[in-house]
Each structure stands twice: as C-alpha cells, then as structure tokens.
Amino acid sequence: MKLKMMYSFLNADLQMLEKELETTIQAQSPVLRQASLHLLQAGGKRIRPVFVLLAAKFGDYNIDVIKKVAVALELIHMASLVHDDVIDDAELRRGAPTIKSKWDNRVAMYTGDYIFARSVELLSEIKNPELHQILAKTIVELCIGEIEQIKDKYRFDQHLKTYLRRIKRKTALLIASSCQLGAIAAGVPEEIHKKLFLFGYYVGMSFQITDDILDFTASEKELGKPAGSDLKQGNITLPVLFAMKNEELRGEIVQINEKTPQSQMNLILEKIKKSDAIQLSVEMSDRYLNKAFDILKELPDGKANKTLYEIAKYIGKRKF
C-alpha cells in the first residue's frame, strides 16, 4: 500500500494544510516569496503534519486549532532543510535545485529564517504555555544537532552513541514533538501525549537510520541527489560506522573528502553494500521500530492507532 493511501481519510484536512502552508509563507519581498514557494512546490512527504493530525485524533479533534500546529511543524522542518543545504553546499533537494543553488547562500539563510519566523508567529495563536515550551526545547536540540553534525564532519573515529545522539536531535525529536503537540492541542491527557512522544521518537530514529541506509542503496533518481552524498560530505552515518569495522574498508573510507572522484566513491559504495553494514543497520532500525509498535499497544485502539502502525511499518521498510 502506498503511504498516502494509509491516511487517505485525512485528505480533505491535508489539502487545507497545503493551502495554509502556501498562504503562511507569502512575503512582501518577491525574492523571499519566490524562494519559499520554490521549496514548498518541490513537495515532500508531509510526515510531520500527518503525525500531528493522527495524534490529535486521540482527543478533541478541531481542525481549526490542529492545523496551526501541523503547519508550524512542517515550516520548522522546511526551514531546517534550507539551512542544511547551505551547510552541506547541496545543489539538489527532492530532485530540484536548492534555494542556495538557485539564488545564493545569503538568500537561502534569510529564507530559512523567514520560514521559521512565520511558523513561530502562527503557533503563537495557540495560548498553551506547555506546547510552546516543548517546541522551544525541541528547536534548541535541533540546533545543537546541526552544530554537532558540522563539528563531526570527517571525524571517522566517532562512537555509535555520538551518531545516535545526533540523529535524535536532528530528526527524531521533531517527529516526536509532532505527535505530542498534536495531542496536546487536542486536549489529550498527559499519560497519552507522553506515550505519543515516545512513539514519535522511536519512529524518528528508525526513519533517519533508514534514510542513511538509502543513501547507499537507492538510486540517484530515487534520492534526488547522488548516492553516497552524505559520506562524501563527511557525514558519518550508521552504515559507515559498521563498515569501518572491516579494517581494509576503513582504510579506504577514511581517505574520502569533498574532492574524492565519483568513480572512486562508487567503488567504495559497492564495497559497503557488499559488507554486512547494511544488514546491521537494518537490524538497528527494526529495533527502534519494534519499540514504536510496543508503545502503540499501550494507546487506545482505533483508526488513528492503526494508521500510525501502518505508517511506522512503511517508514521502516522502505525499499533498499
């Protein structure tokens, strides 16, 4: 089953969110408006808004309130992508030119700041201190994760715990907060929204590990960027950490830098794929996924619970 079919009963609300996203990022400045729309129109999974909506189904589902949380979370994610592309000097995002490549780094940074500011402005319409405190802490952790990734570039001797802490901050916490904040906005009891946070955290960890696997196993067309881009940019992901347990392979990996020819990169990528690094990474992703499934067993049954299960299963089983 395709991902969008799993939550097709939310289609009307998701179409409303798409319009809200476009409306919210409108700017008086033509450059800001064009750059923001360029990223929005490149598409995306909209996983975070979907989690917001599904989590809200456990409580008092009022789309006029919930949509503000869903749009704000997606805008924060979008802003982080714009900044990521500047840091990584990325030319492509979702198969389209990045804002930094279509305009320049300065326009990209201010566009990311603008999108982030609009998300905070929208969320301020909800008068709930707990909601704002949770989101603020999430954004702080996200920023720390980004700084850590910059600091850890080409640091081939890093520990597994360093990687897991980094992806927790960069990816998992925003997904976890999407689940929790959707529930809080719907008046869900604390016991439930904390479990939804845990579910989102485990799914987010699995999601990022799977993304890191796909960077080696998927095609350039599927990725929207060349395979192995993360490694060439110095981002040490889980498959790389496992692959470097092979001393011969480690010797080749530690020589990689931004100027490594693609032909040499392709040879190393093939060796990584033939090692046990991919399978070991899949197994770790599955462990997080199973923890997410266990959390769902503790939550009320219903359509939202079933849909969260199907989405989590899909996220963890994307094609390698």
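Please keep in mind along the way that the model is predicted.

Let us begin with helix H3, which covers residues 30–41. H3 has 12 residues and reaches 16 Å from its first C-alpha to its last, close to the 16 Å expected at 1.5 Å a residue. Within H3, Ala-35, Ser-36, Leu-37, His-38, Leu-39 and Leu-40 are buried. What covers these buried residues? The cover includes helices H2 (11–24), H5, H6 (99–102) and H7 (105–123), together with strands S1 (92–93) and S2 (96–97). Just after H3, the backbone takes a positive phi of about 90 degrees at Gly-43.

Is Arg-48 buried or exposed? Its relative accessible area is 8%, and because the cut-off for buried is under 20%, Arg-48 counts as buried. Leaving aside residues up to four places away in sequence, Arg-48 touches Glu-74, His-77, Leu-174, Ile-175, Ser-178 and Phe-207.

Helix H5 has already come up as part of the cover of H3, and now we can follow H5 itself. Helix H5 runs over residues 63–87 and has 25 residues. From first C-alpha to last, H5 reaches 36 Å, close to the 36 Å expected at 1.5 Å a residue. H5 is mostly covered, with 21 of its 25 residues buried. Just after H5, Asp-89 takes a positive phi of about 55 degrees.

The structure holds 21 salt bridges, and one of them pairs Lys-170 with Asp-84, the closest N and O atoms being 3.6 Å apart. Lys-170 lies in H9 (residues 160–185) and Asp-84 in H5, so this pair ties together parts that are 86 residues apart in sequence. The two partners are buried: Lys-170 has a relative accessible area of 17%, and Asp-84 has one of 11%.

Staying on H9, look next at Arg-169. Arg-169 forms a salt bridge with Glu-148, and here the closest N and O atoms are 2.5 Å apart. This pair links distant parts of the chain, with Arg-169 in H9 and Glu-148 in helix H8 (residues 129–151), 21 residues apart. Both Arg-169 and Glu-148 are buried. Salt bridges that share partners join Glu-141, Glu-148, Arg-165 and Arg-169 into one network.

For a contrast in setting, turn to Arg-106 and Asp-104. Their salt bridge has its closest N and O atoms 3.8 Å apart. Arg-106 is exposed, with a relative accessible area of 63%, whereas Asp-104 counts as partly exposed at 27%.

Ile-150 lies in H8 and, at 40% relative accessibility, counts as partly exposed. Together with Ile-87 and Ile-147, Ile-150 makes a nonpolar surface patch of about 260 Å². Ile-87 is also a residue of H5, whose range is 63–87.

The last stop is the aromatic rings. A pair of aromatic rings is described by the distance of the centres and the angle of the planes. How many aromatic pairs does a search of the whole structure find? The search finds 4. Among them, Tyr-201 and Tyr-202 form a tilted pair, 5.3 Å centre to centre and with 55 degrees between the planes. Tyr-201 is buried, with a relative accessible area of 17%, and Tyr-202 counts as buried at 16%.

Phe-293 and Tyr-309 form another tilted pair, 4.7 Å centre to centre and with 45 degrees between the planes. This pair links distant parts of the chain: Phe-293 is in helix H16 (residues 277–296) and Tyr-309 in helix H17 (residues 303–316), 16 residues apart. Phe-293 is buried, with a relative accessible area of 14%, while Tyr-309 is partly exposed at 33%.

Technical notes. Residues numbered from 1 in each chain as written. Predicted model: local features only at pLDDT ≥ 70, side-chain atom pairs only at ≥ 80, totals over all residues. Heavy atoms only, no water. Buried < 20%, exposed > 50% of the residue type's maximum accessible area, 1.4 Å probe, protein only. Contact = heavy atoms within 4.5 Å. Helix = DSSP H or I, 4+ residues; strand = E, 2+ residues; numbered from the N terminus. Expected span 1.5 Å × (residues − 1). Salt bridge = Lys/Arg side-chain N within 4 Å of Asp/Glu carboxyl O. Patch = residues over 30% accessible without salt bridge, like charges linked within 9 Å, V, L, I, M, F, W, Y side chains within 5 Å. Areas by Shrake-Rupley, 256 points an atom, 1.4 Å probe, with all protein chains shown as cover. Phe/Tyr/Trp six-rings, centres within 6.5 Å; stacked < 30°, edge-to-face > 60°.
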